[in-house]
Protein chains: 2
Amino acid sequence: MSSSSRRSSRSPATVGGDLRVALTRISRRLRAERGEADLPEGQFGILTVLHKHGEMSPGSLAEHERVRPPSMTRAVNTLVELGLVEKVEHATDKRQVVVRLTTAGEREVAETRRRRDAWLTKQLSTLTVEEREILAGANELLIRIAAR
Amino acid sequence: MSSSSRRSSRSPATVGGDLRVALTRISRRLRAERGEADLPEGQFGILTVLHKHGEMSPGSLAEHERVRPPSMTRAVNTLVELGLVEKVEHATDKRQVVVRLTTAGEREVAETRRRRDAWLTKQLSTLTVEEREILAGANELLIRIAAR
DNA sequence: CACGTACCGTTAGCAAGGCTAATGATCTAG
DNA sequence: CTAGATCATTAGCCTTGCTAACGGTACGTG
């Protein structure tokens, strides 16, 4: 049974229900795959945001990651203890704090990403080019939807 | 900017990295959308498994949901307190327990699913038919991958 | 200049939900 | 009949989310 042709149920409601199930399953599967050595998903997320967008305040990070400020404070502190980020004071506003990656943090982003994505990448490499196209397209749609 | 044509990076590794980000974001977004009244994702998952596969032991449920047995015991007990499932003794093996949906549980599956999917369904209804095709295709691929 | 208000990050404390280790009951092979 | 395996549970820990409340800083207005 292939994936695309005859299939009558493409209504928003049907796709939505199926999609939720798929997302829950794959999330758990990914979490299960994460090695002992790796950072928890959320902390790794913070590193990648900093890597991508540069230094940032805890507040912005919290908003970006859809988490409340106190949660972000704690996560950032953990990363500070691990030596992966550092907090420096804001140039003009002493209320604010600037969080940025250390060199160790930069290295960690690269290494962890490689290690972490190994399983998923392996799975994807068993798919056809067309199937990967589908997932790549889905990525963009999901990101778009998540942004609202 | 459309979603499918010019874009050179379709390697397993690239898609994998992007996909992980997309999955994390949408999961958080979905969780944020879950109303106060709804069951937590995990508990709802148990109900749907029972609805789909019929009565089951806690052990099988744990395996199916990729969770350790003690975690499942606790989750099931919560559902028992809510009156959504019941535990009955196994016909021949007194070590085992059989978990099954109550009538209230059956009703809850239908109602919660409808309520819960409302937000996602609404988002999907703003997409084009082609985009929904992509997500529907992605569903199947993700389920397949998650099954390994 | 001074003072009230708003903003930013943090601290304190709670809840959910995952885990491991250890226990108790039951089953089954020998 | 006994020893080991299997199943669920209990106990206790850890992570990570939240809200409420606080302390310091910035800034507009009188």
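A:Glu86 counts as partly exposed, at 33% relative accessibility (buried is under 20% relative accessible area, exposed over 50%, and partly exposed in between, with a 1.4 Å probe and protein chains only). This is a predicted model, where local features need pLDDT of at least 70, side-chain atom pairs count only at pLDDT 80 or more, and totals for chains, interfaces and linings use all residues. Residues are numbered from 1 along each chain as its sequence is written, chains are lettered from A and ligands numbered from 1 in the order in which they are written, and side-chain values use heavy atoms, with hydrogens and water left out.

A:Glu86 pairs up with A:Arg100 in a salt bridge, with 3.0 Å between the closest N and O atoms. The term stands for a side-chain nitrogen of Lys or Arg within 4 Å of a carboxyl oxygen of Asp or Glu. The pair links distant parts of the chain, 14 residues apart: A:Glu86 sits in strand E1 (residues 85-89) of chain A and A:Arg100 in strand E2 (residues 97-101) of chain A. Strands here are DSSP runs of E with at least two residues, helices are runs of H or I with at least four, and both are numbered from the N terminus. A:Arg100 is partly exposed too, at 33%.

Over in chain B, B:Arg100 forms a salt bridge with B:Glu55, the closest N and O atoms being 3.4 Å apart. B:Arg100 lies in strand E2 (residues 97-101) of chain B and B:Glu55 in the loop between helix H2 (41-53) and helix H3 (58-65), so the pair ties together parts that are 45 residues apart in sequence. B:Arg100 is partly exposed at 32%, and B:Glu55 is partly exposed at 47%. Over all chains, the structure holds eight salt bridges.

Now for the place where the chains meet. Two salt bridges are found across the interface of chain A and chain B. One of them joins B:Glu131 and A:Arg144, at 3.2 Å from N to O. B:Glu131 is buried, at 12%, while A:Arg144 is partly exposed, at 40%.

Chain A and chain B each put 56 residues into the contact, which means heavy atoms within 4.5 Å. About 5,900 Å² is buried between the two chains, and carbon and sulfur atoms give 62% of that. Buried area is the accessible area (1.4 Å probe) that two parts lose on being put together, summed over both.
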